[in-house]
Protein chains: 2
Amino acid sequence: MLKKYLLSPGPTPVPEEVLLEMAKPMIHHRTAEFSEIFEDVRKKIKPLFGTKNDILILAGSGTAGMEAAISNTMNPGDKILVVNAGKFGKRWIDIAKSFNIEVDSIELEWGRSVTAAQVEEKLISNPEIKGVFVQASETSTTVLHPIKEIAEIVNLRDNTIFVVDGITSVGVYETEMDEWGIDILVTGSQKAFMLPPGLAFVALSEKAWKFVEKSSTPKFYLDLQKERKAQTQNTTAYTPAVSLIIGLRKALGIMEKEGLQNVYKRHYICAEATRAAVKALGFQLLAKDLPSNAATGIIMPENFDGQAFVKSMREENGITFAGGQNHLKGKIVRISHLGYHDFFDTIIAISAFEMGIKKAGLDIEMGKGVAAAEEFMLEYL
Amino acid sequence: MLKKYLLSPGPTPVPEEVLLEMAKPMIHHRTAEFSEIFEDVRKKIKPLFGTKNDILILAGSGTAGMEAAISNTMNPGDKILVVNAGKFGKRWIDIAKSFNIEVDSIELEWGRSVTAAQVEEKLISNPEIKGVFVQASETSTTVLHPIKEIAEIVNLRDNTIFVVDGITSVGVYETEMDEWGIDILVTGSQKAFMLPPGLAFVALSEKAWKFVEKSSTPKFYLDLQKERKAQTQNTTAYTPAVSLIIGLRKALGIMEKEGLQNVYKRHYICAEATRAAVKALGFQLLAKDLPSNAATGIIMPENFDGQAFVKSMREENGITFAGGQNHLKGKIVRISHLGYHDFFDTIIAISAFEMGIKKAGLDIEMGKGVAAAEEFMLEYL
């Protein structure tokens with residue numbers, strides 16, 4: 001037997017009761033039975049976004065939600081500002097360019113967080129910017145960006161919307177879309193929502209809907225006006241991913257029962273305990289400014305083959321960490337705290353990290369990371 | 001207890017062993033474990049399409065696959081020919097218009113099949129047509145179109161591709177994409193594939209790929225070149241719908257074990273038995289020319305409320321039939337033969353139809369439909 005532990009920042013583990021819920025017999029989507037589930041889900045998901053707006057649920061992965069945020073609000077030739085601080089920041093740029101949207105960007109070293117002042121500066125020198133696009137939590141670098149502060153800057157401008165990829169922040173951090181003034185908030189199912197991949201979520205403010213009305217960028221499958229019309233009637237424009245939506249109701253029920261504040265606190269504790277362990281073991285965090293509670297990126301020593309480490313941990317020990325992406329391939333290890341993950345999953349992660357790197361030849365004091373995590377966690381136990 | 005029977009043309013029942021396969025713990029998609037599953041699925045699905053081409057698997061519903069077929073091959077201003085013989089024919093038109101593609105169409109009464117001669121005539125008078133778009137089986141009317149014959153006509157033209165929505169034909173009928181000369185074949189997971197909705201499949205011929213190279217229509221999430229590059233390496237451009245792909249492997253294994261010829265024959269027998277029952281009961285089929293083995297559409301008598309009938313069968317008797325769509329709402333009843341559906345599911349469907357319409361006040365001879373179905377099925381039992 002090789003017992004398996006999924007400790008990567010998405011897909012994340014799915015609770016057994018959610019798996020079993022999705023294993024129930026299929027139902028038809030144009031029925032009162034489905035509409036009732038859909039209505040319930042649409043209502044229960046709102047507190048996670050902190051919004052009264054409709055949250056549109058699409059069959060697709062998070063990238064579909066990101067594309068929808070651009071293709072529904074912008075026109076060819078429009079200019080947007082992207083915070084490019086990692087793989088998913090870069091994705092905003094790639095999508096925008098595919099739709100002939102002009103991009104100005106704030107280019108940051110991977111591991112850095114943007115500041116609201118940097119955004120403000122760009123907006124002052126480029127008054128034609130129609131949208132500011134950022135990740136709340138940049139999964140590739142395990143870094144947080146100061147969303148609330150940036151929102152304050154963007155909200156001063158009537159002609160600019162603030163678009164946030166919340167794929168690894170919604171469900172991890174308290175998010176107040178309406179209060180902070182986020183105009184579009186996107187997320188996916190396979191992170192804090194404790195579901196398999198296959199659903200994207202997009203919520204839009206009234207300000208964003210005004211941009212939608214003026215957008216002529218071609219779209220059909222991801223046409224949010226059509227979805228809004230259907231979903232406010234508790235149905236969908238096209239066939240929905242029925243089983244995932246049924247699982248979503250269960251997952252939202254689990255979160256509701258735990259209490260959202262407790263969900264966020266659990267993520268914080270697991271993340272902070274991991275950061276304490278990393279430091280105790282003498283490693284550096286990749287996140288220089290604001291580390292995210294979604295996952296922790298650890299810089300590996302030079303000449304250490306991080307890719308081989310991640311591979312052997314997975315294949316020989318059943319532990320799925322994530323490595324680095326793009327130019328950080330092999331150079332970092334990422335440990336997730338997302339979703340269906342509790343204190344002792346963090347202990348497993350740290351212990352596996354300790355044993356794994358010792359086995360890989362690094363000279364560390366075994367148990368030191370676990371001890372630091374335990375010290376930190378103790379008061380919350 | 002109200003035992004439930006899903007007899008609508010999608011979503012269709014999912015076999016218990018597929019449901020349980022999808023209920024296994026989540027795995028990461030950037031791993032050898034997932035790539036091995038994906039490679040297996042990519043190989044095993046080919047006989048269903050009758051192609052050596054790569055079949056791209058997308059996270060989305062069938063409509064996403066239809067959009068991809070248009071947005072990846074056509075340019076704004078190009079002209080296409082659509083066979084508009086039902087709700088899904090109309091969808092080709094709507095998608096094309098969203099992307100500023102010009103549409104010529106063959107408009108047919110719902111229930112009619114197109115002929116190859118009608119397509120030929122249009123192509124002769126409109127030599128600029130770049131693509132012919134049709135449903136193999138039009139789910140809204142339970143009608144078949146003569147794909148093989150149309151392919152012969154379109155194949156004579158170097159500058160025109162033949163695009164087929166096979167959403168309720170792949171897995172129902174033997175389909176020989178390469179031999180017949182289909183350039184793009186699209187399908188979805190929730191019909192004959194015996195899976196929940198959430199996957200779209202798109203296969204392209206070499207001729208179609210040449211159109212793709214020349215298409216400048218904006219796209220990102222549904223960019224098939226990007227997907228081809230990834231999927232030929234047994235991975236995906238964006239996060240795949242992992243659990244559905246795992247279920248797909250199981251479902252394909254079930255079909256392979258039964259033998260594809262037997263799968264097709266089973267659909268034929270259940271459909272033909274249903275048609276025999278409908279006629280024995282004195283009803284008319286909606287399909288005037290070529291009825292599809294995916295589902296059978298039955299014309300209900302005038303003044304009969306088909307919508308109320310479908311609703312009460314579902315809510316009071318656990319039987320999910322489908323009604324008519326658009327202007328046929330309330331006027332027809334559709335019974336599915338798709339996917340995980342065997343002889344005795346057909347008997348249930350016919351018996352339920354008999355009892356239901358009797359209860360609704362129509363004067364029929366009870367058991368006459370079942371008897372006709374039994375007579376037909378007997379030799380195959």
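## Close-up views of a predicted two-chain model

**View 1. A loop residue with positive phi, B:Thr142.** B:Thr142 sits in the loop that runs between strand E6 (137–138) and strand E7 (143–144) of chain B. This model is predicted. The phi angle of B:Thr142 is near 55°, a positive value in a residue other than glycine. Most residues other than glycine have a negative phi. Is B:Thr142 buried or exposed? B:Thr142 is buried, because 32 other C-beta atoms lie within 10 Å and 20 or more are enough to count as buried.

**View 2. Another positive phi, at B:Asn100.** Look in the loop between H5 and strand E4 (102–107) of chain B to find B:Asn100. Here phi is near 60°, again positive in a residue other than glycine. B:Asn100 is partly exposed, with 14 other C-beta atoms within 10 Å.

View 3. Most peptide bonds are trans. In chain A, the bond from A:Gly10 to A:Pro11 is cis, with omega near -5°. A:Pro11 belongs to the loop between strand E1 (5–6) and helix H1 (16–22) of chain A. In chain B, B:Gly10 and B:Pro11 are joined by a cis peptide bond, and omega is about -5°. B:Pro11 lies in the loop between strand E1 (5–6) and H1 of chain B.

**View 4. The axis between the chains.** Rotate chain B by 180°, with 0.0 Å of shift along the axis, and it superposes on chain A with an RMSD of 0.0 Å. The two copies are therefore related as by a two-fold rotation axis. Which C-alpha of chain B is nearest the axis? It is that of B:Gly60, 2.3 Å away. Both copies use the same surface: 100% of the contact residues of chain B recur in chain A.

**View 5. The side of chain B that touches chain A.** Chain B gives 45 residues to the contact, and chain A gives 45 residues. Helices H1 (16–22), H4 (62–71), H5 (87–98) and H11 (242–258) of chain B each supply at least two residues of this side. H4(B) gives the largest share, four residues. By class, this side of chain B has 24 nonpolar, 16 polar and five charged residues.

**View 6. Inside the largest nonpolar core.** This core holds 250 residues. Which members touch the most others? They are A:Val202, B:Ile184 and B:Val202. Leaving aside neighbours within four places in sequence, B:Ile184 is in contact with residues including B:Ala69, B:Ile161, B:Val202 and B:Leu204. In soluble globular proteins, nonpolar side chains tend to be buried together.

Conventions
Residues numbered from 1 in each chain as written. Chains lettered and ligands numbered in written order. Predicted model: local features only at pLDDT ≥ 70, side-chain atom pairs only at ≥ 80, totals over all residues. Least-squares fit on C-alpha atoms with pLDDT ≥ 70 in both. Contact = placed C-beta atoms within 7 Å. Nonpolar A, V, L, I, M, F, W, Y, C, P; charged D, E, K, R; others polar. Core = buried A, V, L, I, M, F, W, Y, C linked by C-beta atoms within 7 Å. Buried ≥ 20, exposed ≤ 12 C-beta atoms within 10 Å, placed from the backbone.
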